[in-house]
Amino acid sequence: MAAFCQAQDAGATHADWLHYGGTPFSWRYSALDQINTANVQNLVPAWIFQTGDYVENLQATPIVVGGVMYLITPRAQVFALDAAAGKMIWHYRWPAPRLGAPGTIADFNGNRGLAVSAGKVIFGTADNYLVALDQKTGQEAWRVSVDDTKQCGCSITAAPLVVKDKVVVGGNGGDAAHRGYLTAFNINNGRLAWRWYVIPGPGEKGNETWKGDSWKFGGGAPWLTGSFDPDLNLIYWGTGNAASDFFDADRVPDKTKNRDINLYTASVVALDADTGKLRWHYQEVPDDLWDFDSAYEVLLMDRQVRGRMRKILVHMNKSGLTFVLDRTTGEYLGSFNVAEVFNWIAGVTENGTLVGRNEPQLGKTGLFCPSAAGAKSWNSTSYSPRTGFLYAPVNEICENVTSNDDKPKEGRTYMNGAFPMVLPPNRNTYSHVDAWDPVTGKRAWSYPYRFVLLSSMLSTAGDVVFTGDPEGNFFALNARTGTRLWSFQTGAGHRGAAVSYSVNVRQYIATTTGWQQTVVGGGALGLFPQENWRQGSTLVVFALPGASK
Amino acid sequence: MTLVVLLLAAAVLPAQTVQDVVRHGEDVFAKTCASGYCHAAKGAVAGGAPRLAARGFSQEYIANTVARGIAGTAMPAFGENLPPADMVAVIAYVATLNGIDRPSLPARLGAPAPAAAPLSPEATRGRELFSDATRGFGRCSTCHEVNGIGIPVSTAIAKIPADPAALKALTTPGVSSATIDGETMPILMIARRAQSVSFYDLTSVSPVLRTVAPASVQTRDGSNWRHASAIASYSETDLAAILAYLRAVTR
């Protein structure tokens, strides 16, 4: 029992918000309860910070350590702020990067967060550097090139994950002709510690799941942030889709198989935290033909499963299919589907096999649901150990896929398909915040919303769930019932994340604001052309009046 | 405008009709511009980028935008990245979406290709090896930038060694040693300032650009670092091909 108790305690944040996902268990859950269901309607802005780096979405999860907040903008300007007063302590600007290959993901503006540890503030850049600043001064301590953007068509937008004396970072580029990887560097001096390629090379186990040389440009980029279990000394990461996305004849050697195709794309992997060696994998979308990835956050928790306390992980991919695995072994324990509208599979068997696959066909345009934008986008879910629920922002969007069979060109977009999004018929709401019990796979409640929800969830010990919508509303729901308790118009759409922290016993809720004009945010706006969701780059921080000191 | 004129003048297409160019442009557009994330097929609205059809754009505006991008947005500058023939074609295609039925094409349409000497088969292989991603960080382009590919840790290659043996034996006078907290490492000094010292730590690849307080580091000439160990992933034949490539592109 001791082990699971430890894990349960380790999943919550307290005064600080130290990691991208709150803690390395990625719950985005705060144990603070000064703000709760009884008083949340009294929240008022405590301070507001405008980054001045107006480009598009401020999407990073802020990090708070000892009363100082660290925030990064889409173009990698970094700020240290007094977390109680909003006053700027220091400011760092990463120089504007050189161009990557045109039209690839490397051209987009975005940065989802930084990491703080060992006196360093560490972040990735659009031109693939990992950079460490001195935490006190904001002066650069080291930078290291992770790859050549001009060649790979890749970039880093994910927050790095600190694992003991190392910092592990994944990259984008899995929609280009690129071979994804995770790389670990020594946090003190930036030296390479290990690299793990998502796609095994010749002679390595798993390479046989690729046709010919297709492994070289097979995608799989792990483009978000993983989790870490110190007891098992394992790091967990979701990997991206196989490339090319919508056409598989050049990459799949055996179309009769239904498991372990194009390893280790669209999988959850467990790696040894010290060496980066693969311990186990579970492929969620074998032969991913829908750009569903499996790159999202991995929530580590300990729960009673069929009468037995188990160390589990809960992992949702873009399809909305959410897997529950034993995190010691990778054993499949169950899955549930959060999307209401889906046609890409008919279902999942008891042992986790996808059945009734509906695949894009070359030369035909087909309607697929959900879309490559995801039943959930990259923004994170949240888990409250008090309610036992996983809180998810779910979107109901479809797409028309027209695939092609182009050959790869290193670093160039290699999706082999166009996939304009469309709204499913016969609905008047296209998203919902859900509360799911990951063990029973049952939905406890669902809060519908007219447009899309593309901001991360935050849950707290005050039994409040926070998130924001594209119209600019930052709102609170009752974690047990889904009842809307409070809302505040922040002035710009929400495409980032909220965190909670405390300074001098006063609890704060901080949210980034500013709509994304490209990729999924822009695509969603295209679905609702009469809307005018506002961009911006502002952090808004709330607290209860008079709760200070 | 200068850029665009140069661009159009430099573009050389095989003998084609305007229709062929526009058709090629439609293909370039579909594959480069019209993914679900940006523009949509035929310039319609669907992705995050604006509609391009029937906007009343002039061909000059289109050419400028494609070449230079739009600062502060996701519209990249394709000027340096798309082959000239593709540039001309995609500009012509978007022009037709804006009611310009006969977009103007470069005067030299149909003239022979310019005399950029083709690489020999060996040099072509050398170019691939130079930045061969399957070698991870153990590739030349981890530290050298040639023809726009690679990370310029090293300064531009000034003199190309005669053969693989000379490449391996290369003495690298720029590399010195630094000692921090009792640890000595090979470095490439970048800048000494009053407040800070910046150097590449060559202990591991990829080299780490470190910035430290002057008082925290002692430096001395010479090091135990050898170029030969940085290129250990390549065979003699590989190195010969890489040298052939370097000779071809720096001539």
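Colleague: Which residue in β4(B) is the bridge partner of Arg143(A)?

Modeller: Leu209(B) is the bridge partner there. This is a predicted model, in which local features need pLDDT of at least 70, side-chain atom pairs count only at pLDDT 80 or more, and totals for chains, interfaces and linings use all residues. Residues are numbered from 1 along each chain as its sequence is written, with chains lettered from A and ligands numbered from 1 in the order in which they are written.

Colleague: How should I read strand pairing, and over how many bridges do β10 of chain A and β4(B) pair?

Modeller: Strands of a sheet pair through backbone hydrogen bonds, either parallel or antiparallel. Two strands count as paired if DSSP finds at least two bridges between them; strands (E, at least two residues) and helices (H or I, at least four) are DSSP runs numbered from the N terminus. Here β10 (residues 140-145) of chain A and β4(B) are antiparallel, over 3 bridges.

Colleague: And how many residues of each chain are in contact?

Modeller: Contact means C-beta atoms, placed from the backbone, within 7 Å. By that test 42 residues of chain B meet 45 residues of chain A. On the chain B side, α2 (18-33) and β4 (208-212) are the elements giving two or more residues.

Colleague: What is the strand order in the open sheet of 4 strands in chain A?

Modeller: The order is β15-β16-β17-β18, with antiparallel pairing. β15 (227-229) and β18 (278-283) of chain A are at the edges with a single partner strand each, so one side of each has no neighbour in the sheet. Further in, β16 (residues 234-238) and β17 (residues 267-272) of chain A pair over 5 bridges, and Tyr236(A) has Ala270(A) as its bridge partner in β17(A).

Conventions:
Two residues are in contact if their C-beta atoms, placed from the backbone, lie within 7 Å.
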